[in-house]
Amino acid sequence: MNKKEFMKKLIVGIKKLPKEEQQEVIQDFEEHFAVGLAEGKTEAEIAAALGTPNQVAKELVATYHLEKADHTSNTGNIFRAVWAVIGLGFFNLVIVLGPFIALVSIIASGWVVGGSFILSPLLMLVNVILYPETFIFFDFFVSIGLTGVGIFIVIGMYYVTRYLSKGFIHYLHFNVKLVKGGLKDE
């Protein structure tokens, strides 16, 4: 594969990146080829040393989304990072998607439990409106107690969500390094 073919495939692969990022990547790879040619290598040798342009592009897109999730770890950035890392290989479909689904399930269930505990007095009120003969003061006090417990659960879930999100982003970084073969030095 010569430089033109390599760059053409690389440009197609990095179309998901912003224009500024694309320009930086193109400039970097132009430099790789220029330095390699100055050292007396052929374009084919340089392209072979860089790897397949499709895989390089996937790694660059995954790295970009991971860095973006590092800086602003909102739901959209985390989903894009997970999707980009899964795109690195079929192996990641199981290794990344499985833990991600489990993590999202744990976080969502915690928020649902906390929210339902907080809303329990309203649910009790609806129950009393629909079935007035079922009102018991014990239920009323239990629902107030559940509201307090729900507030603590929601506060706890806020921190749990933050720490698990950051932990999962670290896991994604680890996974990208593993796919790139970068764990040899660590």
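**Entry 1: the two domains**

I looked up the spacing of the domains in this predicted model. The centres of domain 1 and domain 2, taken over C-alpha atoms, are separated by 38 Å. Domain 1 covers 3–71 and domain 2 covers 75–182. The bounds come from an automatic or database domain assignment. I then checked the contact between them, which takes 11 residues from domain 1 and 14 residues from domain 2. Contact means heavy atoms within 4.5 Å.

A note on the ground rules. Residues are numbered from 1 along each chain as its sequence is written, and side-chain values use heavy atoms, with hydrogens and water left out. Since the model is predicted, local features need pLDDT of at least 70 and side-chain atom pairs count only at pLDDT 80 or more, while totals for chains, interfaces and linings use all residues.

**Entry 2: the largest pocket**

I turned to the pockets. A pocket is defined on a 1 Å grid over the protein atoms alone, as an open set of points where a 1.4 Å probe fits, with protein on both sides within 12 Å along at least five of seven lines. Lining residues have an atom within 4 Å of a point. Grid points are joined across faces, edges and corners, and a volume is the space filled by probe spheres set on the points.

The largest pocket has a volume of about 280 Å³. It is lined by 14 residues, and those closest to its centre are Lys-16, Lys-58, Val-61, Ala-84 and Gly-87. Which helix gives the most to this lining? I found that α4 does, with 6 residues. Both α4 (53–71) and α5 (75–86) supply at least two residues each. Helices here are DSSP runs (H or I, at least four residues), numbered from the N terminus.

I also sorted the lining of the largest pocket by class: 7 residues are nonpolar, 4 are polar and 3 are charged. Ala, Val, Leu, Ile, Met, Phe, Trp, Tyr, Cys and Pro count as nonpolar, Asp, Glu, Lys and Arg as charged, and the others, Gly among them, as polar. Domain 1 and domain 2 each give at least three residues to this lining.

**Entry 3: the second largest pocket**

The second largest pocket has a volume of about 240 Å³. Its lining has 14 residues, and Thr-75, Ile-78, Val-104, Ile-107 and Ser-165 are the closest to its centre. The elements giving two or more residues are α5, α7 (97–118) and α9 (137–180). The largest share, 5 residues, comes from α7. How many charged residues does this lining have? It has no charged residues, with 9 nonpolar and 5 polar.

**Entry 4: aromatic rings**

I counted 9 aromatic pairs in the structure. Rings of Phe, Tyr and Trp (its six-membered ring) pair if their centres lie within 6.5 Å; planes under 30 degrees apart count as stacked, over 60 as edge-to-face and the rest as tilted. Phe-135 and Phe-137 have ring centres 5.1 Å apart and planes at 75°, so this pair is edge-to-face.

I checked how open both residues are. Buried means under 20% relative accessible area, exposed over 50%, and partly exposed in between (1.4 Å probe, protein chains only). Phe-135 is partly exposed at 36%, and Phe-137 is exposed at 54%.

Tyr-158 and Tyr-159 also pair edge-to-face, because their ring centres are 5.2 Å apart and their planes are at 80°. Tyr-158 is partly exposed at 42%, and Tyr-159 is partly exposed at 41%. Elsewhere I noted a cluster: ring pairs link Phe-79, Phe-100, Phe-168 and Tyr-171.

Is Ser-120 buried or exposed? Ser-120 is buried, because its relative accessible area is 10%. Ser-120 sits in helix α8 (residues 120–130). Beyond its neighbours within four places in sequence, Ser-120 is in contact with Ser-143, Leu-146 and Thr-147.

Next I picked Phe-140, in helix α9. Phe-140 is partly exposed at 32%. Not counting residues up to four places away in sequence, Phe-140 touches Met-124 and Phe-135. The C-alpha atoms of Phe-140 and Asn-2 are separated by 76 Å, with the two residues 138 apart along the chain.

Lys-3 is partly exposed at 23%. Which residues does Lys-3 touch, not counting those up to four places away in sequence? I found Glu-30, Phe-33 and Glu-43. The C-alpha atoms of Lys-3 and Val-25, 22 residues apart along the chain, are separated by 14 Å.
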